[in-house]
Amino acid sequence: MDQTEKLLQSVVENARTGVNACEQLIERTDDGDLRGELRNLRDGYQSFERAAERALYDTGVHPAPEPAMDRAGMWLGIRMNTMMDATPSHIAEIAIQGATMGIVGMTKDSGDLTGASDAARKIAGDFVAGQQKSIDRLKKYL
């Protein structure tokens with residue numbers, strides 16, 4: 001797998017993780033405003049997932065499938081994490097921590113995969129910028 005494919009696959013994986021987390025968190029909160037913010041965040045993740053998948057298909061590569069255990073593990077982790085505290089503040093904190101992990105991972109991958117195409121690097125850079133904006137919007141719930 002070349003560096004462009006690796007970087008695009010990283011965007012796909014990070015975005016899928018974000019979509020799954022947002023869907024779980026949406027179910028765990030009754031706060032309408034926070035639900036709307038989480039839906040916007042989920043929609044952003046889906047947009048990046050589709051963009052990276054299209055770019056992979058354009059290079060003749062199929063995105064790797066999502067391991068079922070990853071989704072199950074996230075479901076269990078979020079359930080356990082919100083069992084005793086499902087306040088909007090705690091839900092926002094979980095989302096912020098996830099977005100921060102996405103920024104760190106994508107920034108590291110971008111730094112390691114300097115030979116990736118400009119188009120792939122732009123998608124990764126836009127993903128990081130989108131995550132930072134989401135964090136800024138979620139801070140009001142802390």
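Tutor: In this predicted model, both Y45 and F127 are buried. Buried means a relative accessible area under 20%.

Student: Why is the pair of Y45 and F127 called tilted?

Tutor: Planes under 30 degrees apart count as stacked and those over 60 as edge-to-face, the rest being tilted. The planes of Y45 and F127 stand at 45 degrees, so the pair is tilted. The ring centres are 6.2 Å apart, and the cut-off for a pair is 6.5 Å.

Student: Which parts does the pair of F48 and F127 tie together?

Tutor: F48 belongs to helix α2 and F127 to helix α5, so the pair links parts 79 residues apart in sequence. Y45, F48 and F127 form one aromatic cluster.

Student: Why are α1 and α2 called roughly antiparallel?

Tutor: Helix α1 (residues 3-28) and helix α2 (residues 32-58) pack at an angle of about 155 degrees, with their axes 8 Å apart. Angles over 145 degrees count as roughly antiparallel, and α1 and α2 are therefore described in this way. By class, their contact has 15 nonpolar, four polar and nine charged residues.

Student: How do you know that α1 is roughly antiparallel to α4?

Tutor: The angle between α1 and α4 is about 180 degrees, and their axes are 10 Å apart. Since the cut-off is over 145 degrees, α1 is roughly antiparallel to α4. Among the residues of α1 that meet α4 are L7, V11 and L25; those on the α4 side include I91, I94 and M106. By class, this contact has seven nonpolar, five polar and three charged residues.

Student: Why is H90 called buried?

Tutor: H90, found in helix α4, has a relative accessible area of 13%. That value is set against the limit for buried, under 20%, so H90 is buried. Not counting residues up to four places away in sequence, H90 touches N81, T82 and D85.

Student: What makes T87 partly exposed?

Tutor: Partly exposed covers what lies between buried, under 20%, and exposed, over 50%. The relative accessible area of T87 is 38%, so T87 is partly exposed. T87 sits in the loop between α3 (68-83) and α4 (88-112).

How values were computed. Residues numbered from 1 in each chain as written. Predicted model: local features only at pLDDT ≥ 70, side-chain atom pairs only at ≥ 80, totals over all residues. Heavy atoms only, no water. Helix = DSSP H or I, 4+ residues; strand = E, 2+ residues; numbered from the N terminus. Buried < 20%, exposed > 50% of the residue type's maximum accessible area, 1.4 Å probe, protein only. Axes fitted to C-alpha atoms, helices over the stretch in contact; angles between N-to-C directions. Parallel < 35°, antiparallel > 145°, perpendicular 65-115°, else oblique. Nonpolar A, V, L, I, M, F, W, Y, C, P; charged D, E, K, R; others polar. Contact = heavy atoms within 4.5 Å. Phe/Tyr/Trp six-rings, centres within 6.5 Å; stacked < 30°, edge-to-face > 60°.
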